[in-house]
Amino acid sequence: MSDTEPLDGLSVHESADEKVPIESFAAALAALPVPVEIVGDDAGFDGTDAVASYRPREGFRDAGWVHCIRAGYDEFDTAAYEAAGTPLTNSTGIRATTVGGLAVGYTVTFARRLHVYRDKQRRAEWYEPAYDRPFTVEGASACVVGLGTVGRGVATRADALGMDVVGVRRSEEAGPGVSTVYHPDELHDAIADARFVVLAVPETPETAGLISTPEFRRMRSDAYLINVARGAVVDEDALVVALDDGVIAGAGLDVFRTEPLPESSPLWDVEEVLVSPHQGSTTNRYHHDLAELTAEIFRRYRSGEPLRNRVV
């Protein structure tokens with residue numbers, strides 16, 4: 001990238017505040033050798049500017065480099081960035097710990113009935129479940145669909161708790177904690193014996209509606225679906241039917257077709273459904289994680305090295 005202009009500033013667009021405290025994020029970038037400024041939609045850019053943003057804006061394409069502070073960059077017009085010659089990077093690869101922890105937290109909650117105890121607590125109700133309801137995750141089977149950064153984070157944590165973990169990915173490489181890898185064409189075989197089916201795939205045309213009625217019917221009746229991928233990966237209408245009809249036992253959901261999840265959604269009222277508001281990556285240190293990645297890519301840009309997480 002030696003033919004590019006040197007960067008002399010980093011602009012943090014105000015939309016970053018949707019994901020992290022923007023002042024804290026900007027402060028975490030203070031060690032960069034250029035000024036870091038929080039800007040709004042009225043800001044202009046040229047080839048000497050870098051931009052970090054949660055949402056796209058047309059004017060960003062005039063900058064020298066744009067960083068999307070989330071893994072999903074589908075809102076950004078990649079063809080337009082390609083035409084403009086503006087590098088675009090994203091924030092994949094830093095969520096293994098946070099999202100992996102949430103997914104495994106769902107499994108323990110369902111197994112040990114923690115969600116039911118909390119519901120009963122609010123009513124001051126001393127509740128003892130049927131003897132056959134609580135179980136341990138040790139020895140339980142888990143299928144992780146998608147073994148990228150997030151999927152591997154789920155797999156290693158599930159393995160550490162003693163689960164038998166299989167995975168689904170195009171590559172035959174299993175990775176730590178995964179005993180068997182299935183090709184996506186073998187999805188039905190992969191999920192058939194799993195107590196937990198964990199979705200960790202990106203949203204693509206191939207993964208839209210990946211889990212629907214045929215997949216639910218293939219799953220065990222005591223299985224739980226866990227979605228920390230994207231809402232579009234699951235056919236929500238089919239999920240509601242599968243839950244109502246007892247085709248599967250329950251679901252832990254961090255992502256939804258429509259966000260926020262509408263108040264009218266029947267998913268709110270199902271005891272064996274855990275709803276979290278797309279917070280899989282969120283912790284009180286997430287702005288530091290994002291800043292470290294942003295700073296690393298900034299240094300690579302300035303030194304002419306290949307950019308990590310470059311999507312355009």
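A contact here means heavy atoms within 4.5 Å. The model shown in these views is predicted.

View 1. Among contacts in the protein with a separation of 6 or more, 62% join residues 24 or more positions apart. Of the 312 residues, 49% count as buried. The accessible surface comes to about 14900 Å². Carbon and sulfur atoms hold 47% of that surface.

**View 2. Overall fold and dimensions.** The secondary structure comes to nine helices and 12 strands. The radius of gyration is 21 Å, close to the 20 Å that the globule rule gives for 312 residues, so the protein is as compact as a globular protein of that length. Along the principal axes, the C-alpha atoms fill a box of roughly 65 × 45 × 35 Å.

**View 3. Charges of the protein.** The protein carries 29 positive and 50 negative charges.

View 4. Helix α4 spans residues 114-122. Its buried residues are His115, Val116 and Lys120. These residues cover an arc of only 135° around the axis, which puts them on the same side of α4. Gln121 and Arg122 are exposed on the other side.

**View 5. Packing partners of α4 and the residue that follows.** Ala124 follows α4. The phi of Ala124 is positive, near 55°.

Terms used
Residues are numbered from 1 along each chain as its sequence is written. This is a predicted model: local features need pLDDT of at least 70, side-chain atom pairs count only at pLDDT 80 or more; totals for chains, interfaces and linings use all residues. Side-chain values use heavy atoms; hydrogens and water are left out. Buried means under 20% relative accessible area, exposed over 50%, partly exposed in between (1.4 Å probe, protein chains only). Helices (H or I, at least four residues) and strands (E, at least two) are DSSP runs, numbered from the N terminus. The arc is that of the directions from the helix axis to the C-beta atoms. The radius of gyration is taken over C-alpha atoms; the globule rule is 2.2 Å times the number of residues to the power 0.38. Accessible areas come from the Shrake-Rupley method with a 1.4 Å probe; for residues, only the protein chains shown count as cover. Lys and Arg count as positive and Asp and Glu as negative; His and the chain ends are not counted. The place of a charge is taken as NZ of Lys, CZ of Arg, CG of Asp or CD of Glu.
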